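Colleague: I am new to this one. Could you take me through it, one topic at a time?
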Amino acid sequence: MTKGDETLGSDLLEEFWRWAVAQYEDVQVREGLLELQESAGLIILEAMFLAWLGHRGQAIGEEDQRRIRDGHHTVGGRCCVAASSATAGLD
């Protein structure tokens, strides 16, 4: 994973996974995410990642916001459909 020209290490990835799993263990969060996945095509991992960034006080740039609104972007060189639903309440 990269941030601009800076490579983010495995410690940061581990921090994300610990946070995401802790959030997902909350029954209301899990049920809400699964409901949005079923009804709106939410990609849970993407929603969790965006919520984690918000939890850390990080914002995504305008270009990334545009790509998310357009419904596509790349992760690791692969095209992904962006989560279109709000992730409020995950922090």
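Colleague: Is Trp 52 buried or exposed?
Modeller: In this predicted model, Trp 52 has a relative accessibility of 2%. Because buried means under 20%, Trp 52 counts as buried.

Colleague: Which aromatic residue pairs with Trp 52?
Modeller: The structure has four aromatic pairs. One of them joins Phe 49 and Trp 52 in a tilted arrangement, with 5.8 Å from centre to centre and 35° between the planes.

Colleague: Why is that pair called tilted?
Modeller: Planes under 30 degrees apart would count as stacked and those over 60 as edge-to-face, so the range in between is called tilted. The angle for Phe 49 and Trp 52 is 35°.

Colleague: How far apart are Phe 49 and Trp 52 along helix α3?
Modeller: They are three residues apart in helix α3, which means a separation of about one helical turn. Phe 49 is partly exposed at 24% relative accessibility, whereas Trp 52 is buried.

Colleague: Which residues form the aromatic cluster?
Modeller: Phe 16, Trp 17, Phe 49 and Trp 52 form one cluster.

Colleague: And what about the rest of α3, which residues are buried there?
Modeller: Among the buried residues of α3 are Ile 44, Ala 47, Met 48 and Leu 53. Glu 46 is buried in α3 as well.

Colleague: What span should helix α3 have, and what does the model show?
Modeller: Helix α3 covers residues 44-55, and at 1.5 Å a residue its twelve residues should span 16 Å. The C-alpha atoms at its ends are 16 Å apart, which agrees. Just after α3, Gly 57 adopts a positive phi of about 80°.

Colleague: Turning to the largest nonpolar core, which residues touch the most other members?
Modeller: That core has 13 residues, and Trp 19, Leu 33, Met 48 and Trp 52 touch the most other members. Each of α1, α2 and α3 supplies at least two residues of the core. The largest share, six residues, is from α3.

Colleague: Now the charged residues. How many salt bridges does the structure hold?
Modeller: It holds three. In one of them, Glu 15 meets Arg 56, with the closest N and O atoms 2.7 Å apart. This pair links distant parts of the chain, since Glu 15 is in helix α1 and Arg 56 is in the loop between α3 and α4, 41 residues apart.

Colleague: How exposed are Glu 15 and Arg 56?
Modeller: Glu 15 is partly exposed, at a relative accessible area of 29%. Arg 56 is also partly exposed, at 34%.

Colleague: Which side chains meet in the other salt bridges?
Modeller: Glu 14 and Arg 18 meet at 3.6 Å, N to O. They are four residues apart in helix α1, so about one helical turn separates them. Arg 66 and Glu 63 meet at 2.5 Å, N to O. Both lie in helix α4, three residues apart, about one turn of the helix.

Colleague: Finally, the surface. Which residues form the nonpolar patch?
Modeller: Leu 13, Trp 17, Val 21 and Leu 45 form the patch, with about 360 Å² of accessible area together. Helix α1 gives the most to it, with three residues.

Notes. Residues numbered from 1 in each chain as written. Predicted model: local features only at pLDDT ≥ 70, side-chain atom pairs only at ≥ 80, totals over all residues. Heavy atoms only, no water. Patch = residues over 30% accessible without salt bridge, like charges linked within 9 Å, V, L, I, M, F, W, Y side chains within 5 Å. Areas by Shrake-Rupley, 256 points an atom, 1.4 Å probe, with all protein chains shown as cover. Salt bridge = Lys/Arg side-chain N within 4 Å of Asp/Glu carboxyl O. Expected span 1.5 Å × (residues − 1). Buried < 20%, exposed > 50% of the residue type's maximum accessible area, 1.4 Å probe, protein only. Core = buried A, V, L, I, M, F, W, Y, C linked by side-chain atoms within 4.5 Å. Phe/Tyr/Trp six-rings, centres within 6.5 Å; stacked < 30°, edge-to-face > 60°.
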